[in-house]
Amino acid sequence: MSVAPAETITYRDAIREAIREAMLADERVFLMGEDVGAYGGCFGVSRGLLDEFGPERIRDTPLSESAFVGAGIGAAMGGMRPIVEVMTVNFCLLALDQIMNNAATITHMSGGQFAIPLVLRMTTGAGRQVAAQHSHSLEGWLAHIPGLKLLAPATLADARGMLAPALADPNPVLIFEHGSLYNLEGELAADAGAVDIERAAIRRPGADVTLIAYGGTLPTALSAAEELATDGVEAEVLDLRVLRPLDDRAIIESVMRTHRAVVVDEGWRSGSLAAEVSARIMEQAFYELDAPVARVCSAEVPMPYPRHLEQAALPQPGKVVDEVRRMIGVPSDE
Amino acid sequence: MPSLGADMEAGTVLDWYVKPGDTVKRGDIVALVDTSKAEIEVEIFDGGVIDELLVPVGERVPVGTVLATLHPVPAEVPVPVPVGPPAPETPAPPTPATAVTLPPAPPSAPVPVAAAPAGTNHRLRVSPLARRAAAQLGVDLSVVSGSGPNGAITKSDVERARPAGQPAPPVERPATPAPPVERPTTPAPAREPGDRQAAMREAIGALMARSKREIPHYYLQLEIDIGRALDWLRDANLQRPMNERLLPSALLLSAVARAAAEMPEMNGFWTDGAFRPGGGVHLGVAISLRGGGLIAPALHDADKKSLDDIMAGVRDLVQRARAGRLRSSEMSDPTLTVTNLGERGVDLVHGVIYPPQVALVGFGAVRERPWAIDGMLGVRPVVVATLAADHRASDGHAGGRFLTLIERRLQKPETL
């Protein structure tokens, strides 16, 4: 337990502090991406770092995801510890060849001669009215790829503490920062440090149903749990944290306590992470289930621009509450 | 063919669950009958050995027609009861030629097998956890009613069904007959949804016309302050898990049932020019069906049931009514009907009595109203209770006393 005084900090600041700390601790660490230098990062994460560390270590890149992600992979193979920022997960599709055919496979293809200690950070998710080319949650696609580790920090402690172990990992690690979380503000111990990047975490204990969420849907699940508590339904909220490899044990242990599960996932339902989690529960805890696993996902449409349509397309606490009520069989007055 | 309600004139045998030689006991479900309102499971009144099935599947016969004959069992001879799907000995090859061995098809075309909706099969919906719990506790799932999504049986349903006095399973047929095999041998007559709607409308119309034609109704109404009852209910529900919470309607039903036990002249039948008290308080619970129509099956011995049992009983009736799986005794036994139109937002109900019953109690919506007590004005939740009663069987004086008894019960919710 930390004894340092807590300080008020935002999610954005927590990530910046993590980058600063990594750069101060290890000369091999550098940051590269579109507008990360002079502009301070598209979401303001790297503001001030150029002045502190100079253009050698805070590098603006051309608008070519394939090129700079590939450069990052090469640097990692060459012994550096690159942090590559991709503006949004939508744009990482331009670098998908580098991510999948190189980052995820070179260790295997080289017979273990090369490690790829690369960290790829990217913003994900909707809710900010930036429409269908900047808003999607494609974590599920990337979680399909063996050889990658995927992290989804949803708390200040994780925003602050996941980067160091990600850089220490000899394999490529992708960190998804949900755009709606950057302004999340709260208290964090001044000396908050590394966290584990293996396990899921229970963010709220409960006995009646498990709400499984990650990244941007964690606040959704917590607020649904809050509302359900007023009905006397105690929802357990499980934050996946690590999207690949999934912490099956935490998921199954929670379901064995509650016997019901709702997966809250901002990705599209078909072929989603929610589908994967649901399938694993069915495979490993079928005889513990008192109701079919339910999913609350985004509507299967390109993310709309108008605010009311965007909100309607996203998983909302009310939809989660409705799912739980239906599942628990809240009596309806006939 | 039993009369499954005063409005039924004929019924169609959809399925036999027994065959000649089977041993049955009182209360066993032997057949499935389609009235114009619903598919009803027919219970048998006497035990014995089935001799002959006289009415084949698919045939429509008038009420009173003998459906099957039965030999009484001489003594307590333990005859092994055959278990198995109704016709497993003659599995139908998948060719239409076997149809010639079947009873004559009804005028309407039989339902093509492939078109049989999946929802018509008999497989119980049981959660995996509940199925495991039932195996551990030795609970027969075929007698458990489900409270989960779409009527699925959950673990808590199984646990509720476990306590002492667990009734012997009344159903001897296997819990999970294989419907895909069973279907081809029993081409039930096609009844288009539209047909059923129309037939039900017709049946309700005939019965209600008869009620208004024959029964001299009188009407009374009483506004009841149910603040105390709702407060009590809220406190009681705080102690309960979500799925075991009580609804206000359980209080209303219990109050009516207990008042009816004290007022036998409200609880029974008018037949052959005279009043006949009901043997027990079997409340007919008016349930509106999806897609229209109405059915009022019996909640047996409601005056002796706890609030939990009333809740569970009503939930079970609603689910089975909507699934078209009511039992014959539930259709013919109601002694007094209760209709609650509060959810529809109306203030009060002037009901039409369900012949041959002699009374109907209606409730409107619970509304907050200005309410004066002891010279002070306050805001209280109020519900209007109405009584429609048969003047041949009772007078307004008795009717008034009945409504007052209901009110008194609702003032003492702890006695319900």
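Guide: The following conversation moves from chain A as a whole to its helices. Please note that this is a predicted model.

Visitor: How many helices and strands are there in chain A?

Guide: Chain A contains 13 helices and 14 strands. Of its 334 residues, 51% count as buried.

Visitor: What share of the contacts in chain A with a separation of 6 or more comes from residues 24 or more positions apart?

Guide: Such residues account for 78% of those contacts.

Visitor: How many residues of chain A are in contact with chain B?

Guide: In general, the size of an interface is often given as the accessible area lost when the parts come together. Here we may count residues instead: 18 residues of chain A are in contact with 20 residues of chain B. On the chain A side, nine of these residues are nonpolar, three are polar and six are charged.

Visitor: Which residues of helix α4 of chain A are buried?

Guide: An α-helix has 3.6 residues a turn, so residues three or four places apart point the same way. Helix α4 of chain A spans residues 96–103, and its buried residues are Q98(A), I99(A) and A103(A). Because these residues cover an arc of only 100° around the axis, they are on the same side of α4(A).

Visitor: Against what do the buried residues of α4(A) pack?

Guide: They pack against α3 (65–77) and α5 (106–109) of chain A.

Visitor: How is a pair of packed helices described?

Guide: Two packed helices are described by the angle between their axes and the distance between the axes. In chain A, helix α10 (residues 248–258) and helix α11 (residues 273–285) pack at an angle of about 65°, with their axes 10 Å apart. Therefore α10(A) and α11(A) are roughly perpendicular to each other, and the crossing is right-handed. On α10(A), the contact is made by D248(A), I251(A), I252(A), V255(A) and M256(A); on α11(A), by V277(A), R280(A), I281(A), Q284(A) and A285(A). Seven residues of this contact are nonpolar, one is polar and two are charged.

Visitor: At what angle do helix α9 and helix α13 of chain A pack?

Guide: Helix α9 (residues 217–230) and helix α13 (residues 317–328) of chain A pack at about 55°, their axes being 8 Å apart. Therefore α9(A) and α13(A) are oblique to each other. The crossing of α9(A) with α13(A) is right-handed. Among the residues that make the contact are A224(A) and L228(A) of α9(A) and V320(A) and V324(A) of α13(A). The residues of this contact comprise seven nonpolar, two polar and one charged.

Methods:
Residues are numbered from 1 along each chain as its sequence is written. Chains are lettered from A and ligands numbered from 1 in the order in which they are written. This is a predicted model: local features need pLDDT of at least 70, side-chain atom pairs count only at pLDDT 80 or more; totals for chains, interfaces and linings use all residues. Helices (H or I, at least four residues) and strands (E, at least two) are DSSP runs, numbered from the N terminus. A residue is buried if 20 or more other C-beta atoms lie within 10 Å of its own, exposed if 12 or fewer, and partly exposed in between; C-beta atoms are placed from the backbone. Two residues are in contact if their C-beta atoms, placed from the backbone, lie within 7 Å. Ala, Val, Leu, Ile, Met, Phe, Trp, Tyr, Cys and Pro count as nonpolar, Asp, Glu, Lys and Arg as charged, and the others, Gly among them, as polar. The arc is that of the directions from the helix axis to the C-beta atoms. Axes are lines fitted to C-alpha atoms, for helices over the stretch in contact, and angles run from 0 to 180 degrees between N-to-C directions. Angles under 35 degrees count as roughly parallel, over 145 as roughly antiparallel, 65 to 115 as roughly perpendicular and the rest as oblique. A crossing is left-handed if the near helix is turned anticlockwise from the far one by less than a right angle, and right-handed if clockwise.
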